Amino acid sequence: MTKRRIAALAVLIFIGCLYLTTLILALIDSPLARDCLMAALFCTIVLPAVLYGYLVFIGRLRKGHDSLGE
């Protein structure tokens, strides 16, 4: 397995855990669970978007760096 596939699998497992955590916390009725639920929802939405943006940025940075060397 390549490093890229391992990273993708790790991110999928992490997002799956976030979804499971969100579901469990939604069923628990306590102030701490509500705060944790909001944090889990935030991470579920924001982390994949930030990681995607990072990958796009790195890809364009590398592509631009390769063309400068020619």
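## The largest pocket

The lining of the largest pocket is made up, by class, of 11 nonpolar residues, one polar residue and two charged residues. The structure described here is a predicted model. Rolling a probe the size of a water molecule over the atoms shows where empty space is left. The space in the largest pocket amounts to about 480 Å³. Its lining comprises 14 residues, and R4, A7, L51, Y54 and L55 are the closest to the pocket centre.

Two elements, α1 (3-27) and α2 (31-68), each give two or more residues to this lining. The greatest share comes from α2, which supplies nine residues.

## Overall form of the chain

In secondary structure, the chain consists of two helices, with zero strands. Its radius of gyration is 17 Å, whereas the globule rule gives 11 Å for 70 residues; the value is well over that figure, so the chain is more spread out than a compact globule. The C-alpha trace has spans of about 60 × 25 × 10 Å along its principal axes.

## Surface and burial

Which part of the chain counts as buried? Of its 70 residues, 11% fall in that class.

T44 is located in helix α2. Is this residue, T44, buried or exposed? The relative accessible area of T44 is 14%, and buried means under 20%, so T44 is buried. Leaving aside residues up to four places away in sequence, T44 touches L18, Y19 and T22.

M1 belongs to the segment before α1. The relative accessible area of M1 is 76%; because exposed means over 50%, M1 is classed as exposed. Between M1 and I45 there are 28 Å in space, C-alpha to C-alpha, and the two residues are 44 residues apart in sequence.

L12 lies within helix α1. With a relative accessible area of 60%, L12 is exposed. From C-alpha to C-alpha, L12 and T2 are 16 Å apart in space, with a sequence separation of 10 residues.

## Summary

The predicted model shows a chain of two helices and zero strands, more spread out than a compact globule. Both α1 and α2 take part in lining the largest pocket, and nonpolar residues account for 11 of the lining positions. Among the individual residues described, T44 is buried, while M1 is exposed and L12 is exposed.

Methods
Residues numbered from 1 in each chain as written. Predicted model: local features only at pLDDT ≥ 70, side-chain atom pairs only at ≥ 80, totals over all residues. Heavy atoms only, no water. 1 Å grid on protein atoms, 1.4 Å probe; cavity = no way out; pocket = protein on both sides within 12 Å on 5 of 7 lines; lining within 4 Å. Points joined across faces, edges and corners; volume = space filled by probe spheres on them. Helix = DSSP H or I, 4+ residues; strand = E, 2+ residues; numbered from the N terminus. Nonpolar A, V, L, I, M, F, W, Y, C, P; charged D, E, K, R; others polar. Rg over C-alpha atoms; globule rule 2.2 N^0.38 Å. Buried < 20%, exposed > 50% of the residue type's maximum accessible area, 1.4 Å probe, protein only. Contact = heavy atoms within 4.5 Å.
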